[in-house]
Amino acid sequence: MDVARLAGVSPSTVSRILNGTARVSEDKRLAVLAAITKVNFAPNQMAQGLKKGRSMTIGIVVQDISSPFFDETLRGVDDGLKGTGYASVIVSGHWNAEEEAERIRLLLARKVDGIILLSGRMSDEAVLQFSGQRPIVSTGRALHTRSALGIKLDNEHGAWLAVHHLIELGHRRIAFVSGPANNHDADERLTGYLRALREADIGPDPKLIVEGNFHESSGLLAVNHLFDTQQQFSAVFAANDLSAYGVRLCLYRKGIRVPDDISLVGFDDLPGSSYTTPPLTTVRQPLYDIGLIATNALRRLINGDTVGSEVPPLELIVRETTRRVR
């Protein structure tokens, strides 16, 4: 082994120094590092993983591979894996608890070292049960055990930020295109919407709340429904940016100007939201950061380390789709 020969130590000493398990003099350690630099040596991380009984793969369960929401999060995961020797296996749960469980069983059968679960419909109890086999980091949950960690953002506060912004601009008839029923994020955003109205002494009007499904088409259909039922409103809060895109298209087709006639706020701050016409006011979720945090946390769980619950904040990004009521 060139590194061992140049440093004047045994190959096993080089291996133990690389793994951080060797107790050697500082001179020997520096000699090994200098030899590594000289020969441009890169340890075979897969071989090291196999020695530790690891596959050096991480399973990732997304809900919709085509969604730009998951694209940003996966970009953070990918950057978190760079230089670690780990590869990822990505599968989709399609917002179905049974399918998510089946996909996790598939990943476990492939001997992944850990799993990142991005949102989903599985119960916390099911996630904890699977974590008994391999460590799991899941977004959208409040979990914290030795083998499972949840990264849960404050969706209620994020929705409150959006609606409070509209109220400060003088809006009182604020329509809400919600997410699907029995979805944790959607439920919390509805709670935030209602809380902001109550705090401003605005009685919620159930006719202004239309259930969507987080897709563009649901935003378009929701606003069509509001007009078909002759509802009066000066602003729309959409539970995510994709729904807001559909809202914007519906308003455009009806000749309604945004924000001159109706203000619009989304939730997520997807990359494309800066380039809509006009650019969308929205609540920013740190999607890339979530992916990075989840990856780093999972690697620590795999190594048996303790992991803290690091939750980045949400913030309102004011662009050009909201304005003060005339």
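Visitor: What should I know about the model before I start?
Guide: The model is predicted, with local features needing pLDDT of at least 70 and side-chain atom pairs counting only at pLDDT 80 or more, while totals for chains, interfaces and linings use all residues. Residues are numbered from 1 along each chain as its sequence is written, and side-chain values use heavy atoms, leaving out hydrogens and water.

Visitor: How many helices and strands does the protein chain have?
Guide: Helices (H or I, at least four residues) and strands (E, at least two) are DSSP runs, numbered from the N terminus. Here there are 12 helices and 11 strands.

Visitor: How do I read the order of strands in a sheet?
Guide: Two strands pair if DSSP finds at least two bridges between them.

Visitor: Which strands pair with β8?
Guide: Strand β6 (residues 174-178) is parallel to β8 and joined to it by four bridges. Within that pairing, Ala 175 has Val 236 as its bridge partner, and Val 177 has Ala 238. Strand β9 (residues 263-268) also runs parallel to β8, with three bridges; there, Ala 235 is partnered by Ser 263.

Visitor: Are the two faces of β8 buried or exposed?
Guide: In a regular strand the side chains alternate between the two faces of the sheet. Buried means under 20% relative accessible area, exposed over 50%, and partly exposed in between (1.4 Å probe, protein chains only). In strand β8 (residues 235-238), Ala 235 and Phe 237 on one side are buried, and so are Val 236 and Ala 238 on the other.

Visitor: What is the handedness of the unit that β8 and β9 make with helix α11?
Guide: A crossover is right-handed if, with the strands pointing away from the viewer, the path from the first strand over the helix to the second runs clockwise. β8, helix α11 (residues 241-253) and β9 form a right-handed β-α-β unit.

Visitor: Which residues have the most contacts inside the largest nonpolar core?
Guide: A nonpolar core is a set of buried Ala, Val, Leu, Ile, Met, Phe, Trp, Tyr and Cys residues joined through side-chain atoms within 4.5 Å. The largest one has 44 residues, and Val 163, Ile 174, Tyr 193, Phe 233, Val 236 and Phe 237 have the most contacts inside it. Helix α8 gives the largest share, seven residues. Apart from this core lies another, of 25 residues, including Ile 60 and Phe 70.

Visitor: What is Tyr 193 in contact with?
Guide: Contact means heavy atoms within 4.5 Å. Leaving aside neighbours within four places in sequence, Tyr 193 touches Ala 159, Val 163, Ile 174 and Phe 237, among others.

Visitor: What is the strand order in the five-stranded sheet, and which helices lie across it?
Guide: The five strands form an open sheet in the order β2-β1-β3-β4-β5, with parallel pairing. Strand β4 (residues 136-139) and β5 share four bridges, and Thr 139 stands opposite Ile 151 in β5. For angles, axes are lines fitted to C-alpha atoms, for helices over the stretch in contact, and values run from 0 to 180 degrees between N-to-C directions. Helix α7 (residues 124-131) lies across β3, β4 and β5 at about 155° to β4. Helix α12 (residues 287-302) lies across β1, β3, β4 and β5, at about 160° to β4.
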